[in-house]
Structure formats: structure tokens, C-alpha cells
Amino acid sequence: QHILVLHGPNLNLLGTREPQVYGRQSLDDINAGLLRVAGEAQVRCSVFQSNHEGALVDRIQAAAGEGVDFIIINAAAYTHTSVALRDALAAVAIPFVEVHLSNVHKRESFRHHSYLSDAAQGVIVGLGAYGYEAALRYALTHQCGSSF
Ligand code: DQA
């Protein structure tokens, strides 16, 4: 069992970036919390952030050969633009949950469309950093190693 958590562009700035929108936790804080929860469940968890679309595509492609069985992805702005990320997720056929810290549906209309949502197992928006934890707990209880 191996879960991969992917963070897209500008999420390296969490904590200082528009804290009224994205909260005060840093990406390191969020990742540490996820690794702790995964560790308690004795499930392998890898985290990766990039500001580069191609690097995220490469990471998704690599996941297939690493036995990753679930992906949690906040593609950030690439959510709204990237056919390449959608195609990469389809190519590896690894089930995934899409997470957004903010409620994208009460923001600008260009954030309402996602290239990933209709291919996702689920989508969590607006719950802040807890959204990642909720996605992870879902993966641990409903996905990894269990048939549902
Ligand atoms: C985001 C929402 C996106 O619209 C935005 O571009 C981000 C972060 C979120 O987590 O709320 O960078 O994915």
C-alpha cells in the first residue's frame, strides 16, 4: 500500500500566501500531519510539490512503477488548465481524490471548472488543510487494501 500526495504550483507558499483564503499552515505542517496519520496506519505515503506542470506529470508517471495505489492531488491552478495532468492520471489509472483548500465554487468563475473532477473518485473543497486529511483517511479505510 502506497499513497502519493501531490501539490501543485504556489502551494509551497502556504502559510504566507493569502492566509485568509488558504489558511496559516505551511506545506511542511500539512505534510507532517499526513505522514503521521499514514505512519500510524503503517501505510507508505510519499509527498511531492512542484511549480512545474511537467514535473507533476513525470511524478504521476513514475507512480505507476512504484506501486502507488492511491493519489491525493491538489493541482492548484493547473486544475483549471491542464489537460496534461488529466491525461497522466488517466494513463496510470490510479484512483485519486482531488483536494482544494478553498471552496473554489464561491470564488472566480475560472476556478469552477476542473480538468480532473469528472475522473476523480471524489472531490473535497473548502475544508482547508483538513481536506487532505479527510482524503487520506478515506484512502486508508476505503481504498488501500480493501474492496469497496
Ligand atoms: C487551490 C484553488 C486553485 O484555484 C488555486 O489556483 C490554488 C489553490 C486550493 O487549494 O484552494 O492555487 O487549488
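This is a predicted model: local features need pLDDT of at least 70, side-chain atom pairs count only at pLDDT 80 or more; totals for chains, interfaces and linings use all residues.

The shell around the ligand divides into 4 nonpolar, 5 polar and 1 charged residues. Here Ala, Val, Leu, Ile, Met, Phe, Trp, Tyr, Cys and Pro count as nonpolar, Asp, Glu, Lys and Arg as charged, and the others, Gly among them, as polar. The shell residues are Asn10, Asn74, Ala76, Ala77, Thr79, His100, Leu101, Ser102, Val104 and Arg111.

Residues are numbered from 1 along each chain as its sequence is written.

One shell residue deserves a second look. Alanine 76 is in the loop between β3 (70-74) and α4 (83-92). Helices (H or I, at least four residues) and strands (E, at least two) are DSSP runs, numbered from the N terminus. Phi of alanine 76 is near 50 degrees, a positive value in a residue other than glycine. Most residues other than glycine have a negative phi. Is alanine 76 buried or exposed? Alanine 76 is buried, because 20 other C-beta atoms lie within 10 Å. The cut-offs are these: a residue is buried if 20 or more other C-beta atoms lie within 10 Å of its own, exposed if 12 or fewer, and partly exposed in between, with C-beta atoms placed from the backbone.

Glutamate 18 also has a positive phi, near 35 degrees. Its place is the loop between β1 (2-7) and α1 (19-22). Glutamate 18 counts as exposed, because it has 11 C-beta neighbours inside 10 Å. Move on to helix α1, where glutamine 20 is found. Glutamine 20 has 7 C-beta neighbours inside 10 Å, so it counts as exposed. Glutamine 20 and glycine 126 are 106 residues apart in sequence, yet 12 Å apart in space, C-alpha to C-alpha.

Now the helix pairs. The axes of helix α3 (residues 53-65) and α4 come within 9 Å and cross at roughly 5 degrees. Axes are lines fitted to C-alpha atoms, for helices over the stretch in contact, and angles run from 0 to 180 degrees between N-to-C directions. α3 and α4 are therefore roughly parallel to each other. Angles under 35 degrees count as roughly parallel, over 145 as roughly antiparallel, 65 to 115 as roughly perpendicular and the rest as oblique. From α3, the contact takes in Glu53, Leu56, Val57, Ile60, Gln61, Ala63 and Ala64; from α4, it takes in Ala84, Leu85, Ala88, Leu89 and Val92. Two residues are in contact if their C-beta atoms, placed from the backbone, lie within 7 Å. By class, the contact of α3 with α4 has 10 nonpolar, 1 polar and 1 charged residues.

Helix α2 (residues 27-40) pairs with helix α5 (residues 130-143): their axes come within 10 Å and cross at roughly 20 degrees. α2 and α5 are therefore roughly parallel to each other. Their crossing is right-handed, meaning that the near helix is turned clockwise from the far one by less than a right angle; if anticlockwise, it is left-handed. In α2, Ile30, Gly33, Leu34, Val37 and Ala38 meet Tyr132, Glu133 and Leu136 in α5. The residues of this contact divide into 6 nonpolar, 1 polar and 1 charged.

Stay with helix α5, which also holds alanine 135. Alanine 135 has 28 C-beta neighbours inside 10 Å, so it counts as buried. Not counting residues up to four places away in sequence, alanine 135 touches Ile72, Val97, Val99 and Ile124.

Isoleucine 124 is buried, because 20 other C-beta atoms lie within 10 Å. Leaving aside neighbours within four places in sequence, isoleucine 124 is in contact with Val97, Val99, Gly131, Ala134 and Ala135. Isoleucine 124 and asparagine 74 are 50 residues apart in sequence and 9.7 Å apart in space, C-alpha to C-alpha.

End at glutamine 49, in strand β2 (residues 44-49). Glutamine 49 is buried, with 20 other C-beta atoms within 10 Å. Beyond four places in sequence, glutamine 49 is in contact with His7, Leu11, Asn12 and Leu27. Glutamine 49 and proline 9 are 40 residues apart in sequence and 7.5 Å apart in space, C-alpha to C-alpha.

Key
A residue is near a molecule or strand if its C-beta atom, placed from the backbone, lies within 6 Å of it.
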